[in-house]
Amino acid sequence: YAGVSAPGTSLYFPYVSRVVNVRFSTVTIQNAGTGNAAIQVNYYDSNGNLIAGPYADTIGEGRSKTYDLSTPGGNVPNLPSPFNGAVVVTADKSLAGTVTTHWKYYSSAYEGFSGGSNVQYLPSAYRKNRFDIGMGWIRHSNILVQNLSGSAADVDIDFYKTGETVSKLHLDDTIPANSSHEDNTRFGTPGLFAP
C-alpha cells in the first residue's frame, strides 16, 4: 500500500472480508491529528445494509490500532461468515488507514481513502489464463468501487483493451450508500456480467 499524504476525518475501505478458515482482513487506523482521536467504525454489506457498528474507540495522537476481523470481541465485530463488505470510519481528528486481507498462502494490502471522485481511471486490469499449456490462471483483477455518499449511486464501468479506444465491456451498476461492489474478471459478477 502507499502512504497517505492527505488524511481526513472520514476514511473509506471498499473491501474487508471474514470467511472463517479461508480469509480475514485487518483494519489499521492511525490518528494523524493532534490530541486523542474519537473514532466510529461501521461495516456495510454490498446491499448497503449496516451489518455492524458504530463501534467507538479512542486512538492516541500519532498512534494506530489494528482491528483483526478473525478475532471478534471488544471493538471487533462478530461479522457473519462469509462477509465481504465495506468500512466507513469517522472521527474528530484526521485519520489514515490500511486494510490487509490474509489467505493461507498470500495476502493483499491497500490504503484507505479520505475522499473520492466521480471519475476514476484504473490503468491495469487483467484476465489471463493459459489452460492451453497447462498453467491455468496467470492473473485476474478485482475492481472495487465504493459509494461514499448517503444515497445510491449509478456507476458506469468500461473495460478497454490496451491500445484501443472502443470499450470491450460496458457495465451499468447501482451501488447503495456507503457500500461497495466488486467486479471480478475471473469469476464475473452475478447479475451484472458473466465470467
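Colleague: What should I know about numbering and confidence before we start?
Modeller: Residues are numbered from 1 along each chain as its sequence is written, and side-chain values use heavy atoms, with hydrogens and water left out. Because the model is predicted, local features need pLDDT of at least 70, totals for chains, interfaces and linings use all residues, and side-chain atom pairs count only at pLDDT 80 or more.

Colleague: Glad to hear it. How many aromatic pairs are there?
Modeller: Rings of Phe, Tyr and Trp (its six-membered ring) pair if their centres lie within 6.5 Å; planes under 30 degrees apart are stacked, over 60 edge-to-face, and the rest tilted. Under that rule, the count is 5.

Colleague: Why is the pair of Tyr43 and Tyr55 classed as it is?
Modeller: The ring centres of Tyr43 and Tyr55 are 6.4 Å apart. Their planes stand at 85 degrees, so the pair is edge-to-face.

Colleague: Which strands does that pair link?
Modeller: Strands here are DSSP runs (E, at least two residues), numbered from the N terminus. Tyr43 and Tyr55 are 12 residues apart and link distant parts of the chain. Tyr43 belongs to residues 37-44 and Tyr55 to residues 50-59, which are strands β3 and β4.

Colleague: Is Tyr43 buried or exposed?
Modeller: Buried means under 20% relative accessible area, exposed over 50%, and partly exposed in between (1.4 Å probe, protein chains only). Tyr55, at 22%, is partly exposed. Tyr43 has a relative accessible area of 1%, so Tyr43 is buried.

Colleague: Nice. What kind of pair do Trp103 and Tyr106 make?
Modeller: Their ring centres lie 4.9 Å apart. With the planes at 20 degrees, the pair is stacked.

Colleague: How many salt bridges are there?
Modeller: Side chains of opposite charge can pair when their charged atoms come close. A salt bridge is a side-chain nitrogen of Lys or Arg within 4 Å of a carboxyl oxygen of Asp or Glu. By this rule the count is 3.

Colleague: Which residue meets Lys65 in a salt bridge?
Modeller: Lys65 is partly exposed, at 32% relative accessibility. The N to O distance in the bridge is 3.0 Å. The partner, buried at 16%, is Asp57.

Colleague: And how far apart are the closest N and O atoms of Asp132 and Arg130?
Modeller: Asp132 is exposed at 59%, whereas Arg130 is partly exposed at 28%. The two form a salt bridge, with the closest N and O atoms at 2.9 Å.

Conventions
Helix = DSSP H or I, 4+ residues; strand = E, 2+ residues; numbered from the N terminus.
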